[in-house]
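Hello,

Here is the structure you will be working with. Please open it first, then read my notes below.

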Amino acid sequence: MVIVGAGEAGACAALALRENGWTGPVTLIGEELEAPYERPPLSKTVMTAAAEPGAPVVLGQSLRREKNIEFLAGSAAIAIHRAAHLVELEGGRQIPYRKLLLTTGARARRLDTAGTSQLLYLRTFADALAIRARLLPQTHIGIIGGGFIGLELAASARQRGCKVTVLEMAPRILMRGVPLEIAAKIADRHRAAGVDLRTGVGIQAIEDAGNRQAIVLVDGAKVACDGVIAGIGAIPETSLAERCGLKLENGIRVDERLKTTDPDIFAAGDCCSFPHPLYDSRRIRLEAWRNARDQGALAGRNMLGAEAIYDAVPSFWSDQYDLTLRIAGLPDGAKATVARDLGDDVQLYFHLAEDGRLLAASAVGPDSKIAKEIRLAEMLIARRQRPNPDDLARSDVRLKSLLAA
Amino acid sequence: MTWVEACGTGDIDEEDVIRFDRGDRTYAIYHSPDGKFYATDGLCTHEAFPLADGLVMDNIIECPKHNGRFDYRTGEAKGAPVCVNLKTYPVKIEAGKVFIDLG
């Protein structure tokens with residue numbers, strides 16, 4: 001069993017192969033040098049830790065030895081020879097596979113603007129260390145992109161005593177996927193922390209200004225910075241799949257069992273698109289820690305013949321300052337929103353379809369307050385329930401009591 | 001043996017958990033669906049998130065932060081990302097009060 005891509009999804013797949021009884025070889029191939037690590041801490045604790053931390057490893061040497069998982073670090077897979085069932089690595093080594101899993105992830109989208117050679121991006125641990133080195137007290141950090149990467153980095157940079165400007169192109173941050181009230185609360189929290197958050201702003205160019213840089217806005221205004229980070233999205237890594245003729249569609253195209261157009265090749269995590277059974281088989285691609293873990297594990301089972309369908313409720317979280325934003329499910333297409341007051345100015349929003357089905361839930365607040373409620377909402381979503389909106393709104397009706405058997 | 005009173009039996013719903021702090025230590029007290037009481041360390045072994053903010057399902061406590069799961073009767077870590085077991089403490093009920101043995 002061979003896995004190309006040694007991130008969260010690949011690591012979980014390797015472990016799942018062993019957990020589900022595979023005793024033959026398991027080879028996990030990664031381009032990066034570090035042992036498989038998880039990415040969420042890169043924008044948070046890796047930035048804010050007092051002393052420079054190591055990578056947040058999830059499948060270290062002793063666990064790999066215990067589970068007999070071969071890990072090839074710093075190894076680029078350059079071709080898949082499907083008929084021969086071989087993965088070719090840079091340097092010529094060929095690795096035979098019975099089943100192959102592609103967990104190649106995504107790369108940070110590059111800003112396509114004049115003068116962008118000095119920009120920093122965040123995807124890998126190496127990227128994180130390069131950014132961390134710039135987050136010194138009193139330095140001015142410019143962040144292009146008011147998405148989750150940009151906002152988490154803004155919070156971390158503030159914590160390190162940097163001056164921070166966040167520039168978001170859209171009229172507000174987090175336009176898609178969260179209610180206006182949640183986006184507003186998060187924007188307020190950043191401003192209260194001293195972040196200069198500007199929305200509706202376009203970037204014209206990045207200029208060198210001595211050993212500083214100036215972000216030139218479309219209206220001609222300039223923001224002088226000591227470092228500029230762009231967090232403007234991620235592009236799935238599909239070139240290996242494309243070159244060997246696998247079908248692509250917003251990533252490597254897989255079915256509900258995470259199988260590609262080749263019956264012996266699977267894909268999971270940030271790199272793949274799949275039809276979601278809870279959402280009318282709408283084809284989606286998720287960039288989330290839970291999805292990478294759950295899909296990696298399910299792909300591992302299916303490589304051994306399980307034929308399991310992936311139908312986990314999409315689950316996402318973002319930590320910024322003392323707040324956590326959580327979204328369960330996909331709110332797109334919701335026709336009604338019901339709010340539940342959790343106290344202390346924290347609201348939980350339920351997003352309902354036209355027929356009353358609960359599609360998604362979202363909240364922002366201290367995680368101790370919202371995590372369990374979102375988890376219960378996730379269970380209501382998984383069971384395709386149509387909860388009574390009044391029950392959802394009333395804080396004296398426990399969500400647990402609404403769960404159908 | 002150091003038996004410490006943690007709470008009243010009526011303080012925890014069935015299939016639920018509450019937090020109990022003593023000094024600088026945090027514990028979690030559980031009321032199982034079949035009416036028994038259990039106690040464990042109160043912080044997740046993964047990233048120290050308070051378990052009492054999590055969900056009890058049958059004999060499992062799920063940490064709300066990253067969904068790590070433990071069997072609260074034995075402390076056994078049951079699902080990634082948790083891999084270190086929780087410490088458990090003996091529990092006795094006397095006169096409607098839950099006592100835990102802190103050793």
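**A hairpin in chain A**

Start with the hairpin of β13(A) and β14(A). Four residues lie between these two strands, and A:G220 takes a positive phi near 95° there. Keep in mind that this is a predicted model.

The two strands pair in the antiparallel sense, over four bridges. Strand β14(A) covers residues 222-225. One pair to look up is A:Q213 with its bridge partner A:C225 in β14(A).

Now step back along the chain. β13(A), residues 212-217, is also joined to β12(A), residues 203-209. Six bridges hold that pairing, and the strands run antiparallel. Here A:E207 has A:A214 in β13(A) as its bridge partner. The hairpin of β12(A) and β13(A) has two residues between the strands. In that hairpin A:G210 takes a positive phi near 70°.

Next, find α1(A), residues 8-19. This helix has twelve residues. From first C-alpha to last, α1(A) reaches 16 Å, close to the 16 Å expected at 1.5 Å a residue.

Is α1(A) mostly covered or mostly open? It is mostly covered, with ten of its twelve residues buried. Among them are A:E8, A:G10, A:C12, A:L15 and A:L17.

What do those buried residues pack against? Their partners in chain A are the strands β1 (2-4), β2 (27-29) and β7 (100-102), plus the helices α3 (61-67) and α8 (289-303). Just after α1(A), A:G21 takes a positive phi of about 100°.

**Chain B**

Chain B has eleven strands and zero helices. Its radius of gyration is 12 Å, close to the 13 Å that the globule rule gives for 103 residues, so chain B is as compact as a globular protein of that length. Its C-alpha atoms fill a box of roughly 40 × 30 × 20 Å along the principal axes.

Of the 103 residues in chain B, 37% count as buried. Look at the contacts in chain B with a separation of 6 or more: residues 24 or more positions apart account for 39% of them.

**Where the chains meet**

Seven residues of chain B are in contact with seven residues of chain A. On the chain B side, four of these are nonpolar, one is polar and two are charged.

Best wishes

Technical notes. Residues numbered from 1 in each chain as written. Chains lettered and ligands numbered in written order. Predicted model: local features only at pLDDT ≥ 70, side-chain atom pairs only at ≥ 80, totals over all residues. Rg over C-alpha atoms; globule rule 2.2 N^0.38 Å. Buried ≥ 20, exposed ≤ 12 C-beta atoms within 10 Å, placed from the backbone. Contact = placed C-beta atoms within 7 Å. Nonpolar A, V, L, I, M, F, W, Y, C, P; charged D, E, K, R; others polar. Expected span 1.5 Å × (residues − 1). Pairing = 2+ DSSP bridges.
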